[in-house]
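Please open the model in your viewer, with the sequence panel beside it, and follow the selections below in order.

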Amino acid sequence: MAEKQKKRFERLYIQGGFAETTEIWQDRETGVNYLYHAAGNTGGLTPLLDREGKPVVTLVENK
């Protein structure tokens, strides 16, 4: 039987509803956070940056 694969990405935050949503996702391997925004049938994903323009990285816990 095949091993169950761990999910690489985890949603940390969600705001909004059906027509428009903003989410923050974390790459569980690198700790890099991404901002996802969707409105209607369009959306986009980008690394979440701090004030200095560097990617926001969250410590990844070994679960």
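Because F9 has a relative accessible area of 40%, F9 is partly exposed.

Before going further, keep in mind that this is a predicted model, in which local features need pLDDT of at least 70 and side-chain atom pairs count only at pLDDT 80 or more, while totals for chains, interfaces and linings use all residues. Residues are numbered from 1 along each chain as its sequence is written, and side-chain values use heavy atoms, with hydrogens and water left out.

**The whole chain**

Start with a cartoon view of everything. Helices (H or I, at least four residues) and strands (E, at least two) are taken as DSSP runs and numbered from the N terminus, and on that basis the protein has 0 helices and 4 strands. Read along the sequence, the pattern is β-β-β-β. The radius of gyration is 14 Å, well over the 11 Å that the globule rule gives for 63 residues, so the protein is more spread out than a compact globule; here the radius is taken over C-alpha atoms, and the rule is 2.2 Å times the number of residues to the power 0.38. Taken along the principal axes, the C-alpha atoms fill a box of roughly 40 × 35 × 15 Å. Of the 63 residues, 14% count as buried.

**The sheet**

Now select the strands together. Two strands pair if DSSP finds at least two bridges between them, and the 4 strands form an open sheet in the order β1-β2-β3-β4, with antiparallel pairing. The edge strands are β1 and β4, each of which pairs on one side only. From one strand to the next the twist averages 20°, where axes are lines fitted to C-alpha atoms (for helices over the stretch in contact) and angles run from 0 to 180 degrees between N-to-C directions.

Walk across the sheet from β1, residues 9-16, which pairs with β2 in the antiparallel sense over 7 bridges. A hairpin through 3 residues joins β1 to β2, and along this pairing R11 stands opposite W25 in β2. Continuing to the next pair, β2 and β3 run antiparallel and are joined by 7 bridges; select I24, which stands opposite L35 in β3. Strand β3, residues 33-39, and β4 run antiparallel and are joined by 6 bridges. Their hairpin has 2 residues between the strands, and G40 in the turn has a positive phi of about 65°.

How many of the 6 residues of β4 are buried? The number is 0, so β4 lies largely in the open.

Next, select Q26, in strand β2 (residues 20-27). Is Q26 buried or exposed? Its relative accessibility is 5%, so Q26 counts as buried. A contact means heavy atoms within 4.5 Å, and, leaving out residues up to four places away in sequence, Q26 touches a set that includes R8, F9, G31, N33, T58 and V60. The side chain of Q26 reaches the backbone oxygen of T58 at 3.3 Å.

**The aromatic pair**

Show the rings of F9 and Y34. Rings of Phe, Tyr and Trp (its six-membered ring) pair if their centres lie within 6.5 Å, and planes under 30 degrees apart count as stacked, over 60 as edge-to-face and the rest as tilted. By this rule the count comes to 1 aromatic pair. F9 and Y34 form that pair, which is edge-to-face, at 6.4 Å centre to centre and with 70° between the planes. The pair links distant parts of the chain, with F9 in strand β1 and Y34 in strand β3, 25 residues apart.

Finally, move to the segment after β4 (42-47), where K54 lies. K54 touches L48 and L49, again not counting residues up to four places away in sequence. From C-alpha to C-alpha, R51 and Q15 are 22 Å apart in space, and they are 36 residues apart in sequence.

Definitions and conventions: Buried means under 20% relative accessible area, exposed over 50%, partly exposed in between (1.4 Å probe, protein chains only). A polar contact is a pair of N or O atoms within 3.5 Å; within protein, one must be able to donate a hydrogen and the other to accept it, and residues adjacent in sequence count only if both atoms are side-chain atoms.
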